[in-house]
Amino acid sequence: MSQPAVKINASDVAAPFSAAMKEYVRTELRGIGPKLVGFLANDDDSARKYAEWTGKACVRDGIRYELREVPKERLQEAVEDANRDPEVHGILVYYPCFGTFPSFYGGTMDDFIRDSISIKKDVEGLCQYYRGNLYRNIRYVDDERTQKCVLPCTPLAIVKILEHLNVYNFAQPEGEHLLGKRITIINRSDIVGRPLAAMLANDGADVYSVDINSLYLFRRGKLIECTETPEEAAKKSDVIITGVPVASYKLPLSWVSEGTVVINVASHKNVDEAALMQIPGVKYVPLVGKVTVAMLERNLMRLYENFHMKPRKMWQ
């Protein structure tokens with residue numbers, strides 16, 4: 001008999017990480033956590049809301065947090081100042097700041113700012129160094145394999161949600177925890193969809209990456225052209241992840257098979273929730289934000305231990 005669909009509360013996934021962080025700061029750091037500085041250089045409501053969530057979570061868990069609001073024309077200078085400040089252990093920029101405005105140095109200014117953050121302080125794990133390591137499946141900063149790389153917060157949050165839902169099989173060797181799994185991601189942005197596809201493929205999954213007018217298969221460090229349609233890919237997937245940033249998009253429910261895990265990463269609901277919950281066995285995660293913030297804290301502690309703590313301790 002088929003099981004009914006269930007909705008998963010992201011708070012249940014985030015809570016153990018938050019509790020562990022709070023306890024670690026209390027017992028190992030004598031109640032004084034590392035310092036995270038957030039930069040807000042725009043009028044974007046979503047960015048300000050994310051900044052508020054970050055601040056509340058940090059205060060709750062014993063992490064020192066400072067929000068610095070700066071004109072975008074001064075953002076580059078402000079980030080460089082924070083890079084040099086030994087009292088700052090993590091830097092977070094709330095994008096978008098310049099949108100598609102080009103940089104003198106090539107690419108966009110947002111891209112340049114992202115790559116300007118020191119690898120010792122990049123809590124989002126999105127600078128060129130960490131991106132390059134992610135795509136090449138290099139998991140450590142040092143040759144001795146004692147300092148783990150940080151990973152992009154939202155993709156890492158989705159990994160932790162999949163672990164919580166037992167999609168990962170830890171009885172298999174490292175790099176094969178998702179062997180045999182098929183996953184469709186409807187989003188190929190450089191912030192979420194592309195790094196997430198690479199991370200899941202690095203763990204053994206076949207990942208179908210769907211964008212506006214293309215579909216590719218991510219498999220073990222390779223990008224492969226597909227003959228499948230998005231519908232065909234989704235129907236045979238164990239997991240479907242939606243991250244379409246427009247209110248008008250809805251995942252066709254005819255693409256969702258019984259027992260599928262469906263995760264909505266977008267700020268808009270990309271599915272008709274009531275209708276989705278009628279499909280037997282579906283596990284639906286409507287929001288991931290609280291897990292993302294928990295992973296932000298986790299990354300901050302990783303950076304603190306890798307580069308700032310004397311003597312070093314190992315966080316999880």
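Rings of Phe, Tyr and Trp (its six-membered ring) count as a pair if their centres lie within 6.5 Å. The legends below describe a predicted model.

View 1. By the ring-centre rule, the count comes to five aromatic pairs. One of them joins tyrosine 105 and phenylalanine 112, which are stacked at 4.2 Å centre to centre with 10° between the planes. Tyrosine 105 is exposed, with a relative accessible area of 51%, whereas phenylalanine 112 is buried at 18%. Phe104, Tyr105 and Phe112 form one aromatic cluster.

**View 2. The pair of tyrosine 129 and tyrosine 130.** These two rings are edge-to-face, 5.2 Å centre to centre and with 75° between the planes. Tyrosine 129 is partly exposed, with a relative accessible area of 30%. Tyrosine 130 has 2% relative accessibility and therefore counts as buried, since the cut-off for buried is under 20%.

**View 3. A charge over a ring at tyrosine 95.** The charged end of arginine 114 sits over the ring of tyrosine 95, 4.2 Å from the ring centre.

**View 4. Helix 6, residues 153–164.** Ten of the twelve residues are buried, including Cys153, Pro155, Ile158 and Leu162. The buried residues of helix 6 pack against several elements, among them helix 1 (10–28), strand 9 (239–242) and helix 10 (289–308). Asparagine 166 follows helix 6 and has a positive phi, near 60°.

**View 5. Domain 1 and domain 2.** The domain assignment gives domain 1 as 31–121 and domain 2 as 154–290. Their C-alpha centres lie 28 Å apart.

Notes
Residues numbered from 1 in each chain as written. Predicted model: local features only at pLDDT ≥ 70, side-chain atom pairs only at ≥ 80, totals over all residues. Heavy atoms only, no water. Domains from an automatic or database assignment. Helix = DSSP H or I, 4+ residues; strand = E, 2+ residues; numbered from the N terminus. Expected span 1.5 Å × (residues − 1). Buried < 20%, exposed > 50% of the residue type's maximum accessible area, 1.4 Å probe, protein only. Contact = heavy atoms within 4.5 Å. Phe/Tyr/Trp six-rings, centres within 6.5 Å; stacked < 30°, edge-to-face > 60°. Lys NZ or Arg CZ within 6 Å of the ring centre and 35° of its normal.
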